Amino acid sequence: MKLKDIDKQTYRSRLNQVIVVFIITLAILAVTFGAILIALFTDPLAVDNVTISSVNAAVESAGESSNFKYNFLGVVLALLACGAILQKLKDKPFFDEIYYIWQLKQIQNTIYRRLKKIKKASLDGDENALIVLKFYYASLKQLYILDDNTITMSTLMSEISKLDTLISESDKEIHVDQFTQVMLSSYK
């Protein structure tokens, strides 16, 4: 994966729009699916000759026959439907920045789980480990800037400085663009 320049305002605006639409769609679908499931699989209450005692009995029996499982299944179905919708839309130009950042975070998670081994290999002069670290730190910096994460930026800049020193001492040409995901297979 290659790092791309992302316009922060465009990314934040589109991400916020997707989040709002996702939440609204999820809520509407969850309620709709829940209502459909309840209508299909529960017995309707007979409302003929309603008396106070029959209302009390209905309230007491409602506690015993909860529709929680149908409502929960409605939420699960709504999540699946929203996931399928997002899967179909991910290749649309509107989602370019959002999908790129999602992919980048997936790669960062993979690297993070192997970071200890990668750092050890980089200290031993492993060129692939140096490339992976260079990519990892550059991608973290990009995400920190996009997310306004100023708290950990100084720590990251310190790690980048240490890596640059290590690279210069190794006399190797290391660039972010050299990174490929295949390099990660060596550090399981």
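Reader: Which exposed residues does the face of α5 turned away from its buried side carry?

Author: This is a predicted model, in which local features need pLDDT of at least 70, side-chain atom pairs count only at pLDDT 80 or more, and totals for chains, interfaces and linings use all residues. Residues are numbered from 1 along each chain as its sequence is written, and side-chain values use heavy atoms, with hydrogens and water left out. Exposed means over 50% relative accessible area, buried under 20%, and partly exposed in between (1.4 Å probe, protein chains only); helices are DSSP runs (H or I, at least four residues) numbered from the N terminus. On the face of α5 turned away from its buried side, the exposed residues are Lys 116, Lys 120 and Leu 123.

Reader: Within what arc do the buried residues of α5 fall, seen down its axis?

Author: Helix α5 (residues 115-123) has as its buried residues Leu 115, Ile 118, Ala 121 and Ser 122. The arc is taken from the directions from the helix axis to the C-beta atoms. These buried residues line one face of the helix, because they fall within an arc of 130 degrees.

Reader: Is Tyr 137 buried or exposed?

Author: The relative accessibility of Tyr 137 is 6%. Tyr 137 therefore counts as buried.

Reader: What kind of pair do the rings of Tyr 99 and Trp 102 form?

Author: Rings of Phe, Tyr and Trp (its six-membered ring) pair if their centres lie within 6.5 Å; planes under 30 degrees apart count as stacked, over 60 as edge-to-face and the rest as tilted. The centres of Tyr 99 and Trp 102 are 5.8 Å apart, with 15 degrees between the planes. The pair is stacked.

Definitions and conventions
Helices (H or I, at least four residues) and strands (E, at least two) are DSSP runs, numbered from the N terminus.
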